[in-house]
Amino acid sequence: MKIMQTLTFFAALLLTTSCNQAQQAQQSGESPSFILTPAGDSIPRIHKSEKEWQAELSEPEYYVLREAGTERAFTGEYWDNHAEGEYVCRACGFPLFDGSTKFESGTGWPSFYAPAHGYSVEEIKDSSLGMIRTEVRCARCGSHLGHVFNDGPKPTGLRYCINSISLKFKPE
Ligand code: FE
């Protein structure tokens, strides 16, 4: 009987500790490990070490996707791509933008007025380079994509200004 009591005590202690860890992760602002879609699906987020990303990506890909670099305007693969299809994350393949929302911004970077889904991207305040901008990242793997501005066309008025090298185009 004594053994049972001791075991129960340790089981309860273990449970309390793991609950606290989950709570701490939530309080520290870490993203939860799943993306919840409006349809009720949960998509696991991808967490990799920078060493792993470095091994998988080319140098210019790593610079933009993992170090939030920017490719030179008019040099990327997709700024002038007008084909129908979808653009997925170059790092993890998550669907990010649809060709039907792409528009001619004249900036030299692929520009979209909306992400493919409400849960496709994460938007984060960015105050680097002495400007206040909104950074756009892949919601599944956290890789840097570009920035979003308020000077886009209808129907959203938004301009998602995205590096070609952060995307992979899949023709329809
Ligand atoms: Fe991704």
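Here is a walk through the metal site and the aromatic rings of this predicted model. Residues are numbered from 1 along each chain as its sequence is written. Local features need pLDDT of at least 70, side-chain atom pairs count only at pLDDT 80 or more, and totals for chains, interfaces and linings use all residues, while side-chain values use heavy atoms, with hydrogens and water left out.

Start at the iron ion. Its protein donors (N, O and S atoms within 2.8 Å of the metal, or 3.2 Å for Na, K and Ca) are the SG atoms of Cys89, Cys92, Cys138 and Cys141, at 2.3 to 2.4 Å. The angles between these four donor atoms run from 104 to 114 degrees, so the arrangement is tetrahedral (four donors, all angles between 85 and 135 degrees). Along the chain, the donors of the iron ion are spaced C-x2-C-x45-C-x2-C. Both Cys92, at 15% relative accessibility, and Cys141, at 6%, are buried (under 20% relative accessible area, 1.4 Å probe, protein chains only).

Now for the rings. Aromatic pairs (Phe, Tyr or six-membered Trp rings with centres within 6.5 Å) number eight here. Take Tyr87 and Phe112: their centres are 5.1 Å apart and their planes sit at 70 degrees, so this pair is edge-to-face (over 60 degrees; under 30 is stacked, the rest tilted). Tyr87, Phe97 and Phe112 belong to one aromatic cluster with Tyr78, Tyr160 and Phe169.

Conventions
Tetrahedral: all angles 85-135°; square planar, octahedral: opposite > 155°, others 65-115°. Buried < 20%, exposed > 50% of the residue type's maximum accessible area, 1.4 Å probe, protein only.
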